[in-house]
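Morning, everyone. I have one model to walk through today. Please look at the screen.

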Amino acid sequence: MDDFQKQVIEYYLKNGSIKHTAVMFEVSDQLVRRYLINAGLYSTPRIKEVTELYNKGLTADQISNKLHITRKTVISMLPYRKGTYKAPPSPGALRVRKCLARKKAMAASADAV
């Protein structure tokens, strides 16, 4: 868990509101909920069911078909596993940004000629 996630969780524990926490950190309610799910601080019977199926090796598509819910809903109930928000960009991301900026500059200079 990164520092940003810890800050979000600590703030939530103080005020008890997912919505207020999301507004404070300028993230979605769903992201706050996923952080809480990951930390074991938020659960519902449906989330437990989805997590059990996922831990048995089913994919999000298989779970959505089995439970008759959308894939997006399944993914929203799984612990957060992607990269961190508000974290410094990775070296790879910096290389991509540099390359895109260079291409944009080249296109602008070609348009000027």
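What share of the contacts in the chain with a separation of 6 or more comes from residues 24 or more positions apart? It is 49%. Keep in mind that this is a predicted model.

Let's start with the overall layout. The chain has 7 helices and 0 strands. Along the sequence, the pattern reads α-α-α-α-α-α-α. Along the principal axes, the C-alpha atoms fill a box of roughly 65 × 40 × 20 Å.

Now the surface. The chain exposes about 8,000 Å². Carbon and sulfur atoms supply 56% of that area. Of the 113 residues, 27% count as buried.

Next, the cores. The largest nonpolar core has 12 residues. Among them are Phe4, Val8, Ile9, Phe25, Leu31 and Tyr35. Which elements give two or more residues to this core? They are H1, H2 and H3. There is also a second, separate core, with 11 residues. Leu67, Ile69, Val74 and Leu78 are included in that one.

On to the rings. The structure holds 3 aromatic pairs. I will take two of them in detail.

Phe4 and Tyr35 come up here. Their ring centres are 6.3 Å apart and their planes sit at 80°. An angle over 60 degrees counts as edge-to-face, so that is what this pair is. Phe4 is in helix H1, residues 3-15, and Tyr35 is in helix H3, residues 29-38. The pair therefore ties together parts that are 31 residues apart in sequence. Are these two buried or exposed? Phe4 has 11% relative accessibility and counts as buried. Tyr35 has 1%, and counts as buried too.

Then Tyr11 and Phe25. Here the centres are 5.6 Å apart and the planes are at 85°, so this pair is edge-to-face. Tyr11 is in helix H1, and Phe25 is in helix H2, residues 18-25. This pair links distant parts of the chain, 14 residues apart. Tyr11 is partly exposed, at 22% relative accessibility. Phe25 is buried, with a relative accessible area of 15%.

Ring pairs link Phe4, Tyr11, Phe25 and Tyr35 into a cluster. Phe4, Phe25 and Tyr35 are also listed in the largest nonpolar core.

Terms used
Residues numbered from 1 in each chain as written. Predicted model: local features only at pLDDT ≥ 70, side-chain atom pairs only at ≥ 80, totals over all residues. Heavy atoms only, no water. Phe/Tyr/Trp six-rings, centres within 6.5 Å; stacked < 30°, edge-to-face > 60°. Helix = DSSP H or I, 4+ residues; strand = E, 2+ residues; numbered from the N terminus. Buried < 20%, exposed > 50% of the residue type's maximum accessible area, 1.4 Å probe, protein only. Core = buried A, V, L, I, M, F, W, Y, C linked by side-chain atoms within 4.5 Å. Contact = heavy atoms within 4.5 Å. Areas by Shrake-Rupley, 256 points an atom, 1.4 Å probe, with all protein chains shown as cover.
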